Amino acid sequence: MHSRTAVVAVVLLGHAMLLPFTWAQNAGFVKSPMSEIKLTGDTFELYCDVVGNPVPEIQWWYAEINRADSFKQLWGGARKRRVTINTAHGANCVSVLGITRLTLEDSGTYECRASNDPKRNDHLQNPALSWIRAQATISVLQKPKINASDQIILSAETHAQPFTIWCNLTTTDNVPQESFWMKNGVEIDTTRTKNKDTLHRIKKAKADDAGEYMCVYTFEKAPNANTTIEVKAAPDITGHKRSENKKEGENATMYCKSVGYPHPVWTWRKLDGIFYTDIDNSSGRFFITNRDNYTELNVLNLDITTDPGEYHCNATNMIGTSGTTTILRVRSLLAPLWPFLGVLAEVIILVIIIVVYEKRKKPDEIMDDDEPAVPIKTNSTNNHKEKNIRQRNQK
């Protein structure tokens, strides 16, 4: 018994001694930070993804331009809380360094250091042997100055009238290549030009023309520069489901779409008698999904008693409001049987009428079973013939 226990202990000890050699893995980069050129006021993020066993530790360091020997460790909240460091540990260690509201002083070399050496933080060890490193250079340039037109508010008075927005590149350290216009993040066709002064004209203003416009300038050796002009308008509902026909127990979907800017706040209500009742997601059967200029109401497990009626969607922003109505009809599960039941009822009624009519016939209208169906021939014809013969003989 003791010998068996000793054997098991030796085997377990052998496995324990082999585990570090079997599973140990030095730290290595899966994704390292990339160098970038940015403008003042912009934001940048550097990614560092490291694999190893045990899971490595990641640190971020910084050195000014042309001072590679003066690295200092970076911490979250540094530089007046403009620096953020988010790190996640799993099978890999992933860390993201972010800096907002960039200044010219943020230019420099940023270094991701990673190590899973147990003695990595021992001051007697050489860091160059304990830590692996990946660097990226961030160059921050002065953002060009762009003058632009003020925001525009479209109203009922300006409907169908033209409006113009413009930009003027006044100060830059680089020669611009060209400029173009974007609306809601999408480039507007046929707006590219090489002029520093650029404008965009709408001939007939409508709510669909509202949005976030951006004039963009491109440079050969610098990032694009841009500025934003907002064109605002009250919501205008351009599409909705006029009616929804469902059976009890099914699910119903109603929606509304609008144009206008800023994106509206959507609300749904149901008409109960002469009053409207607000709808939210707390009931467990009503679910509202809002996405910019679109809203959707889903009603689950329809009730034929309480759910039919008028549903009102409303869109509201700082400029105005708009609303429309959808009619929800809920049919009984027996509805498909009604035509068949109607025909069956007609047949039954017709049979009853026939039976009643037959029973109420008069007795003389009923044929006696003892009477022959065909009249019996008599000798009346022969008698007439004999009478005629006797008359002729008398003459």
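Contact here means heavy atoms within 4.5 Å. Among contacts in the protein between residues at least 6 apart in sequence, 63% join residues at least 24 apart.

This is a predicted model, where local features need pLDDT of at least 70, side-chain atom pairs count only at pLDDT 80 or more, and totals for chains, interfaces and linings use all residues. Residues are numbered from 1 along each chain as its sequence is written, and side-chain values use heavy atoms, with hydrogens and water left out.

The protein has 5 helices and 25 strands. These are DSSP runs (helices: H or I, at least four residues; strands: E, at least two), numbered from the N terminus. Of the 395 residues, 31% are buried. Buried means under 20% relative accessible area, exposed over 50%, and partly exposed in between (1.4 Å probe, protein chains only).

Two residues, side by side:

Glu 57 reaches across the sequence. Ala 114 is 57 residues away in sequence, yet the C-alpha atoms of Glu 57 and Ala 114 are 5.5 Å apart. Beyond neighbours within four places in sequence, Glu 57 is in contact with Arg 113, Ala 114, Ser 115, Arg 120, Asn 121 and Trp 131. The side chains of Glu 57 and Arg 120 are joined by a polar contact of 2.7 Å. A polar contact is a pair of N or O atoms within 3.5 Å; within protein, one must be able to donate a hydrogen and the other to accept it, and residues adjacent in sequence count only if both atoms are side-chain atoms.
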